[in-house]
Amino acid sequence: MPAITLASRHKESAICKHVTETAPFDYLPKSQLDRLRKINHFLIHAFQNSLSDIKENLTGTYLFLLTDMDGVLLSMDYSPDLETVVEGSPIRPGMIFTAQSCGVNAISVTMDNNEPVLLLPEQHESPYFQSWHCYAAPLSMGSQPFGYLDVSTINADMQGELIAIAKLIPAYMQNSYQNQQTTEPCDKPAVEFTERQLTILEMIAKGFTVKAIALKLKIKECTVNHHKKVIFNKLGVQSSTEAVSIASRLSYL
């Protein structure tokens, strides 16, 4: 799918007001970020493993960002010569790349349109990002979307290589992700479920409501809720979506 540019979308949507230099950025609290990174453990490792292969062949200066579906920065990497620039910037894990948090940026445009986008320095709203040429794209495994990738450079002459790299990384990530799923089951945490808890976990994964589970198993709704609470505690999560995600990746489903 070809990349769009912010200019090509200018007539289709209003541009938000510019972010001032003193405007704060939004970050996820550390406890929530730690939980989110745990949920996306395999994804983050796939991203890091892919970069370790690709970076060996790079000649330019690049910044790589991985966010979840809500635009929360999960992981980042960059060329050694960018260390001072990045450390002096607001970019760090937990940063939320929505337009509301930090102005229009490549990730926010990709989130809105679900298409790859190339954003030039002057098209970013925040002054902090107005040195960067950024290419962002949605990530998916098969038909399942799971996050966004951003590859950025401060060198205007590297736009072609920038896009080529950003198109290569998802394929590397998919291979790495699949390899991890086949080689890491032995590292599965010792989480023990009763037969009833596994049954309820499977029903949650199929979309059953608490009421439907209670009717199907002929138990009270409060009993279902109790089992859910125990399941969540064992997996270290706070929602059904997180429980299903973790349980699937740990091969309980």
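1. A nonpolar core is a set of buried Ala, Val, Leu, Ile, Met, Phe, Trp, Tyr and Cys residues joined through side-chain atoms within 4.5 Å; buried means under 20% relative accessible area, with a 1.4 Å probe and protein chains only. This is a predicted model, in which local features need pLDDT of at least 70 and side-chain atom pairs count only at pLDDT 80 or more, while totals for chains, interfaces and linings use all residues. Residues are numbered from 1 along each chain as its sequence is written, and side-chain values use heavy atoms, without hydrogens and water.

2. The largest nonpolar core has 28 residues, and Phe64, Val151, Ile169 and Met173 have the most contacts inside it. Among the elements giving two or more residues to this core are α2 (30-39), β2 (63-67) and α7 (159-183); helices (H or I, at least four residues) and strands (E, at least two) are DSSP runs, numbered from the N terminus. The most comes from α3, with 6 residues. A second, separate core of 22 residues includes Leu65, Ile91, Met95 and Leu119.

3. Leaving aside neighbours within four places in sequence, phenylalanine 64 is in contact (heavy atoms within 4.5 Å) with residues including Phe47, Leu51, Ser75, Val151 and Ile169.

4. Serine 75 is in strand β3 (residues 73-78). Serine 75 counts as buried because its relative accessibility is 5%. Its side chain makes a polar contact with the side chain of glutamine 48 (3.5 Å); such a contact is a pair of N or O atoms within 3.5 Å, where, within protein, one must be able to donate a hydrogen and the other to accept it, and residues adjacent in sequence count only if both atoms are side-chain atoms.

Note on methods: Buried means under 20% relative accessible area, exposed over 50%, partly exposed in between (1.4 Å probe, protein chains only).
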